[in-house]
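The following note sets out points for a colleague who wishes to examine the model. It begins with ionic pairs and then turns to cavities and overall build.

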Amino acid sequence: MKNTSISSIEHFIINGFPGLQPEYYGTVSFLLLLLFLSIVVGNGFISAVIVYERTLHKPTYLIFFHLAMTDIVFSVVTLPKVIARYWWNDVISSFTACFTQMYLVHSLGAIHSLILLMLALDRFVAIWLPLQYSSLITNKAISIACSLCWILTLIRMLGIVLHALTLPYCNLNVIPQCYCDHVSITQLGCGDQVAYVKAVALANAMVTLLVPLTFIIFSYFSVIIAVLKIPHTERRYKVLSTCVPQIFITCVYYVPRCFVYISNNLGFSFGDGTRTIITMMYSLIPAVVNPIIYCFKTKDIKEALIHRFKSRKVSIATTSKQNNRKKKCLALAIRNPTVSVCCTKVAM
C-alpha cells in the first residue's frame with residue numbers, strides 16, 4: 001500500500017474483505033466457490049430449460065433467460081478474481097483489467113435493471129390489458145427490446161468508463177473492495193475533475209436504478225390491487241405468496257445500490273468492511289435466488305420439468321423391461337434352441 005503517481009500506476013491491489021484474518025482465507029474462498037457454482041449451475045440450468053423446452057418459448061421466459069444470462073456473466077466477471085485473491089493470494093489486478101471489470105460490472109448491473117423493468121412491463125400488461133397481451137407482448141418484440149437493453153447499455157457505460165479514465169490517479173492504488181467498481185476507483189483519483197466525474201456517474205446510476213424501480217413498484221401495486229379483487233382466498237394467497245419473494249429480492253437489488261451511490265456522493269462515510277458486505281449482498285444474493293423465485297416457482301417451468309422427468313422415467317422403465325425380456329429369451333434359447341425364433345421377435 002504505497003503512494004503512486006499517475007505515471008507509475010500499472011496495477012491495483014484488490015483488498016477484498018477488510019480485516020479478514022489469513023486463517024479464514026481458505027474457508028472464505030471455498031464458500032465463494034460454492035456461491036459461484038450455485039449461480040452458474042442454477043441460472044445455467046434455467047437457461048437450458050428455456051432454450052430446449054419449446055413450450056417455454058414465450059415472452060416471459062425470454063425475459064427470464066436474459067435475466068439468468070446477466071447473473072451468470074456477472075458472477076464470471078467478479079467471483080473468480082475474488083476466489084483467487086483468497087485461495088492463491090492473487091491480489092494484483094492490472095490497470096486495464098480493473099477498468100475492464102468496472103465497465104462490465106456496471107454494464108451488467110444496468111442491463112439487469114432494465115431486464116427487471118421488462119419483466120414488470122410484461123406483468124403489468126398481462127394483468128391490466130389481458131386481451132391485448134398477445135398482440136403487444138410478442139417473442140419478437142421482447143427479443144428486440146432485450147437486445148437493445150444489452151447494446152445501448154454497453155455503449156452508454158463505455159462513456160462512463162472513458163470519463164473515469166480522464167482522471168489522474170495519484171493516491172493509494174488499493175481497491176477497498178472485492179472487485180473494481182466506479183466508486184472505489186474514482187476515490188483513488190485526484191485533481192479538480194474528480195467531483196464532476198462522480199456527479200456524472202451518480203446521475204447515470206440514479207436514472208438507471210430509479211426509473212426502472214419506479215415502474216416496478218407501480219407494477220407491483222397494480223398486481224396487489226388486482227389480487228385483492230380476486231374473490232377466492234386461496235387463489236389470492238397463492239398469487240401473493242409468489243409476489244412477496246419477488247418484492248423482497250427487488251428491494252435487496254435496488255435499495256442497497258441506491259444507498260451506496262447516494263451516501264458516497266453526499267460524503268456519508270461508513271467502514272470499508274460494511275460497504276464491501278453491502279456490495280456483495282446486493283450483487284450476489286439476487287443471482288442465487290432468482291432461479292428459485294422467478295423460475296422454479298413458475299407453473300409452466302415446473303410442469304415442463306415434471307413432464308421431462310416423467311417421460312425420461314417411462315423411457316428408462318420401458319428400456320429396462322425390454323432388456324429383461326431379451327435376457328430371459330436368451331437364457332431360454334441356451335437351454336432350448338427351438339426358442340431362438342421367440343428371441344428374434346422380442347429383439348425386433
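**Note on the predicted model**

1. The structure holds two salt bridges, a salt bridge being a side-chain nitrogen of Lys or Arg within 4 Å of a carboxyl oxygen of Asp or Glu. This is a predicted model, in which local features need pLDDT of at least 70 and side-chain atom pairs count only at pLDDT 80 or more, while totals for chains, interfaces and linings use all residues. Residues are numbered from 1 along each chain as its sequence is written, and side-chain values use heavy atoms, with hydrogens and water left out.

2. Lys81 pairs with Asp90, and their closest N and O atoms are 3.2 Å apart. Lys81 is buried, at a relative accessible area of 19%, whereas Asp90 is partly exposed, at 32%. Here buried means under 20% relative accessible area, exposed over 50%, and partly exposed in between (1.4 Å probe, protein chains only).

3. The other pair is Arg275 with Asp181, where the closest N and O atoms are 2.9 Å apart. Helices (H or I, at least four residues) and strands (E, at least two) are DSSP runs, numbered from the N terminus.

4. Six cavities of 30 Å³ or more are present. A cavity is a set of points on a 1 Å grid over the protein atoms alone where a 1.4 Å probe fits but cannot get out, and lining residues have an atom within 4 Å of a point. Grid points are joined across faces, edges and corners, and a volume is the space filled by probe spheres set on the points.

5. The largest cavity has a volume of about 270 Å³. Its lining comprises 22 residues, of which Val105, His106, Ala205, Arg257 and Tyr261 are the closest to its centre. H7 gives the most to this lining, with five residues.

6. The second largest cavity has a volume of about 80 Å³. Among the residues lining this second cavity are Asp71, His112, Tyr253 and Arg257. Helix H2 (59-87), H3, H8 and H9 each supply at least two residues of that lining.

7. As to overall build, the chain has 11 helices and three strands. Buried residues account for 43% of its 348 residues.

Methods. On a 1 Å grid over the protein atoms alone, a cavity is a set of points where a 1.4 Å probe fits but cannot get out, and a pocket is an open set with protein on both sides within 12 Å along at least five of seven lines; lining residues have an atom within 4 Å of a point.
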